[in-house]
Amino acid sequence: MTRVLTSTLRTLSSLIALLLIAACATSPPVPEVDFKPGYDFGAVRKIAFYNESGIVTGNHPLPISDMERDRIDSALEQALRARGFEVLDRKDAGQAQLLISWTLITNDKTDVRTYETPAMGMGYGRFGGYNRYSMYNCWGCAQTEVSVKNYTEGTFIVDMIDPKLKRSVWRGSIQSRLKGQLQNDQDKYNAAADNIFASFPPP
């Protein structure tokens, strides 16, 4: 029974992980972007997927199905086509000027916070009786509360790799806590891909 429960929880966790890129919130996270100065992105027209794209890693690497990978690839592809790039089939990757690769990093985290709360109880005032302003005197009797929350932090990274240089020349990443329900709507993935490519190519 325990093994079945553990397997179920892992499956649910893997579905939740997809919200990192599939969620279409009212205020989507702003991606962090870095790129190689002086690189001529204006000369790039053809892009293909890197053969090792789609790696999931971290201290809690969550399994992703082929269908989920296809949704991610499709979303990234449509975002690039909308920006005027030609996305080649993997078999034609040798003709590409840039290779796109995405990585999902999932790590278990613990958030520990301490805060003071008043301990309500009888106390004595300055002159030995009750506080003249209140029946309760809590001066110096506060107690420390500790809040511990476990969560999974996800980082979705997209790299643009120059096949001649054999190194990344552009990177966009989004980091957030993973929570919510599974989204199967391709439009959600598309909106997230448009978000991460909002500043690609660089000016």
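1. A quick definition to start with: a salt bridge is a side-chain nitrogen of Lys or Arg within 4 Å of a carboxyl oxygen of Asp or Glu. With that in hand, a search of the whole structure turns up 5 salt bridges. Keep in mind as you read on that this is a predicted model.

2. Let's take the bridge between Asp-73 and Arg-90, where the closest N and O atoms are 3.3 Å apart. Asp-73 sits in helix α3 and Arg-90 in the loop between β4 and β5, so this bridge ties together parts that are 17 residues apart in sequence.

3. Another one to look at is Asp-159 with Arg-171, whose side chains meet at 2.8 Å, N to O. Here Asp-159 belongs to strand β6 (residues 143-162) and Arg-171 to strand β7 (residues 167-177), so the bridge ties together parts that are 12 residues apart in sequence. On the accessibility side, Asp-159 is buried with a relative accessible area of 10%, and Arg-171 counts as partly exposed at 39%.

4. Lys-91 and Asp-92 make a salt bridge too, with 3.3 Å from N to O. Lys-91 is out in the open: its relative accessibility is 69%, so it counts as exposed. Asp-92 comes in at 24%, which means partly exposed.

5. Time to step back and look at the whole chain. It has 4 helices and 7 strands, and reading from the N terminus the order is α-α-β-β-β-α-β-β-β-β-α. There are 203 residues, of which 36% count as buried. If you take the contacts between residues at least 6 apart in sequence, 81% of them join residues at least 24 apart. The accessible surface is about 12,900 Å², and carbon and sulfur atoms account for 51% of that.

6. Now for the aromatic rings. Which residues do ring pairs link into a cluster? The members are Phe-35, Tyr-39, Phe-41, Phe-85, Trp-170, Phe-197 and Phe-200. Rings count as a pair if their centres lie within 6.5 Å, and by this rule there are 8 aromatic pairs. Phe-35 and Phe-41 make one of them: the ring centres are 6.4 Å apart and the planes stand at 85°, so this pair is edge-to-face. Phe-35 is partly exposed at 36% relative accessible area, whereas Phe-41 is buried at 6%.

7. Phe-85 lies in the loop between α3 (66-82) and β4 (86-87), and Phe-200 in the segment after α4 (186-196), so the pair ties together parts that are 115 residues apart in sequence.

8. A few words on Asp-40, which you'll find in the loop between β1 (32-35) and β2 (46-49). Its side chain reaches the backbone nitrogen of Gly-42 at 3.3 Å. How far apart are Asp-40 and Pro-201 in sequence and in space? They are 161 residues apart in sequence, and their C-alpha atoms are 9.7 Å apart.

9. From Asp-185 to Arg-71 you count 114 residues in sequence, with 9.0 Å from C-alpha to C-alpha.

10. Last stop, the surface. Val-112, Val-146 and Val-148 form a nonpolar patch there, and together they have about 270 Å² of accessible area.

Technical notes
Residues are numbered from 1 along each chain as its sequence is written. This is a predicted model: local features need pLDDT of at least 70, side-chain atom pairs count only at pLDDT 80 or more; totals for chains, interfaces and linings use all residues. Side-chain values use heavy atoms; hydrogens and water are left out. Rings of Phe, Tyr and Trp (its six-membered ring) pair if their centres lie within 6.5 Å; planes under 30 degrees apart count as stacked, over 60 as edge-to-face and the rest as tilted. Buried means under 20% relative accessible area, exposed over 50%, partly exposed in between (1.4 Å probe, protein chains only). Helices (H or I, at least four residues) and strands (E, at least two) are DSSP runs, numbered from the N terminus. A polar contact is a pair of N or O atoms within 3.5 Å; within protein, one must be able to donate a hydrogen and the other to accept it, and residues adjacent in sequence count only if both atoms are side-chain atoms. Contact means heavy atoms within 4.5 Å. Accessible areas come from the Shrake-Rupley method with a 1.4 Å probe; for residues, only the protein chains shown count as cover. Patches are made of residues with over 30% relative accessible area and no salt bridge: like charges are joined within 9 Å, nonpolar side chains (Val, Leu, Ile, Met, Phe, Trp, Tyr) within 5 Å.
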